[in-house]
Amino acid sequence: MVQRLSRNATKIYQISGTTKFEIPKDDVRIADVFQAVEDAKTRFPVYAWGLAETSRMAKIGFLLCCFVFLVTLLANNRGCEAEKVGVYELKRGDLSFKFTNYGATMLSAILPDKNGKLADVVLGFNSLKGYKNDTTYFGAIVGRVANRIGRARFHLNGNYYQLVNNDGRNMLHGGYKGFSDVIWKVQSHRKDSHVTFTYHSYDGEQGFPGELAVSVTYMLIEANKLGVKMKAKALNKATPVNLALHTYWNLGGHDSGDIFSHDIQLFGSKITPVDDELIPTGEIKPIKGTPYDFLQPRKIGSRFSELPSGYDINYVLDDTRTDHLKKVAEVHESVSGRKLELWTNQPGVQFYSSNMLGHAEGKGGFIYSNYAGLALETQGFPDSVNHPNFPSQILNPGETYEHVMLYRFTAN
């Protein structure tokens, strides 16, 4: 249902700088009126469409509050340029993908099986509201630093930085409001080619130092490939950067059950072991012969009984050259015949078997239980800022971070 806003509510939209006058009724909160205000920590319990029924003085007072709120944000250099949340499709032949600028998120991936039957093979929600209340990071770009930072703190250039802890005493995927929970600008979109989202991260956001200009481009390549390019530029201070795409794949179809029967091969012969809080110990250990060994293709569930908590670990990719893309993984689902291959320029990949989904209600009302999807998050090593022996994630002013992923999809 779409609710037509009253004349006075429309004025609020004009003040906020957006031309969007119709939005879903359930979402007409003041935080949505100022959609791109990155610094808003709480949502106002006032509904814009009710403005027309209030008294004249109440309307004036409310509008003045909105004006003061906007001026305050501008004075703090946080920016209040409103962005409309939309859905953007890329399509070529039978392949189609949908994305939203909320979290620069991948919403769907429609792929043919060996008989030409199409299915959506990524987990997600029915509506934007699900993504706003999400704790699974379905399909999102996570950052400023993906994965975990131990005790949500680090030292850099003689300075101590205390971050926002949102995973016990640690930081996960950029904090309480990381890049997955902000509205990105749409820089360009061509349905048969690409979509590019951009975001300006301010100094001190979730505790990180310095301003950061970020972009992500999803692009169709040839008939069966999807490229992802994440870029970031430090503008005025050194800062850690480690972006990741957090898509959950189930090649049998998002609603086909668990991923135990998927065959996977991972091109990494070492892992970075973790403690009970999933923070790396700093070691780098070989995995040959252990339940983590996927150097040869085998089913994900074949040794699951030896890992009661499932897979959630960073693999060190064997190809250490940086001048080209390295093979990360091959995943195959035998019933559909669908196959996913992945390459990257990053040193690691987090293999996650969706161990903590619980019972998330997803697309079409389907309930995603634990192990309903698999994530392959190419990345720098977790908690690298606290382990000097790990590849550095520090980006100095003027330097550019670039993270490339390439997917190839086939079916046989």
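1. Basis. In this predicted model, local features need pLDDT of at least 70, side-chain atom pairs count only at pLDDT 80 or more, and totals for chains, interfaces and linings use all residues. Residues are numbered from 1 along each chain as its sequence is written, and side-chain values use heavy atoms, with hydrogens and water left out.

2. Confidence. The predictor's confidence in each residue is given as pLDDT, from 0 to 100. Its mean for the protein is 85, and 80% of the residues reach 70 or more. Over residues 1–81 the pLDDT stays under 50, and the model has 105 contacts beyond four places in sequence for that stretch; a contact means heavy atoms within 4.5 Å. Where pLDDT is low, the predicted coordinates should not be read in detail.

3. The open sheet. Strands (E, at least two residues) are DSSP runs numbered from the N terminus, and two of them pair if DSSP finds at least two bridges between them. Nine strands form an open sheet with antiparallel pairing, in the order E12-E13-E14-E15-E30-E24-E23-E18-E21. Its edge strands, E12 (185–190) and E21 (298–299), each pair on one side only. Strands of a sheet pair through backbone hydrogen bonds, either parallel or antiparallel.

4. Strand E15 and its neighbours. Seven of the ten residues of E15 (residues 225–234) are buried, where buried means under 20% relative accessible area, exposed over 50%, and partly exposed in between (1.4 Å probe, protein chains only). On one side, ten bridges join E15 to the antiparallel strand E14 (residues 212–221), with Ile221 opposite Lys225. E14 and E15 make a hairpin with three residues between them, and Glu222 in the turn has a positive phi of about 55 degrees. E15 is also joined to E30 (residues 400–411) by nine bridges, again antiparallel; here Lys233 has Thr400 as its bridge partner.

5. Strand E24 against E30. Seven bridges join these two antiparallel strands. Lys339 stands opposite Thr410 of E30. A salt bridge, that is, a side-chain nitrogen of Lys or Arg within 4 Å of a carboxyl oxygen of Asp or Glu, is formed by Arg408 and Glu341, with the closest N and O atoms 2.9 Å apart. Arg408 lies in E30 and Glu341 in E24 (residues 338–344), so the pair ties together parts that are 67 residues apart in sequence. Arg408 is partly exposed at 27% relative accessibility, whereas Glu341 is buried at 6%.

6. Other salt bridges. The count comes to 14. Glu330 and Lys327 form one of them, with the closest N and O atoms 2.7 Å apart. Lys327, Glu330, Lys339, Glu341 and Arg408 are linked in a network of salt bridges. Another salt bridge joins Lys285 to Glu283, with a closest N and O separation of 3.9 Å. Lys285 is partly exposed, at 40% relative accessibility, and Glu283 is partly exposed too, at 37%.

7. Nonpolar cores. A nonpolar core is a set of buried Ala, Val, Leu, Ile, Met, Phe, Trp, Tyr and Cys residues joined through side-chain atoms within 4.5 Å. The largest has 61 residues, and those with the most contacts inside it are Trp184, Tyr218, Trp249, Phe351, Leu376 and Tyr407. Another core lies apart from it, with 15 residues, among them Tyr102, Phe125, Tyr131 and Tyr368. Residues that Trp249 touches beyond four places in sequence include Met106, Val121, Ile259, Leu340, Tyr407 and Phe409.

8. Gln379. This residue lies in strand E28 (residues 375–379) and is buried, with a relative accessible area of 0%. A polar contact is a pair of N or O atoms within 3.5 Å; within protein, one must be able to donate a hydrogen and the other to accept it, and residues adjacent in sequence count only if both atoms are side-chain atoms. The side chain of Gln379 makes such contacts with the side chains of Asn147 (3.2 Å) and Gln350 (3.0 Å). Residues touched by Gln379 beyond four places in sequence also include Asn242, Asn314, Pro347 and His403.

9. Thr272. The loop between strands E19 (270–271) and E20 (285–286) holds Thr272, which is buried, with a relative accessible area of 1%. Leaving aside neighbours within four places in sequence, Thr272 is in contact with residues including Glu283, Ile313, Asn314, Phe381 and Phe390.

Notes:
Helices (H or I, at least four residues) and strands (E, at least two) are DSSP runs, numbered from the N terminus.
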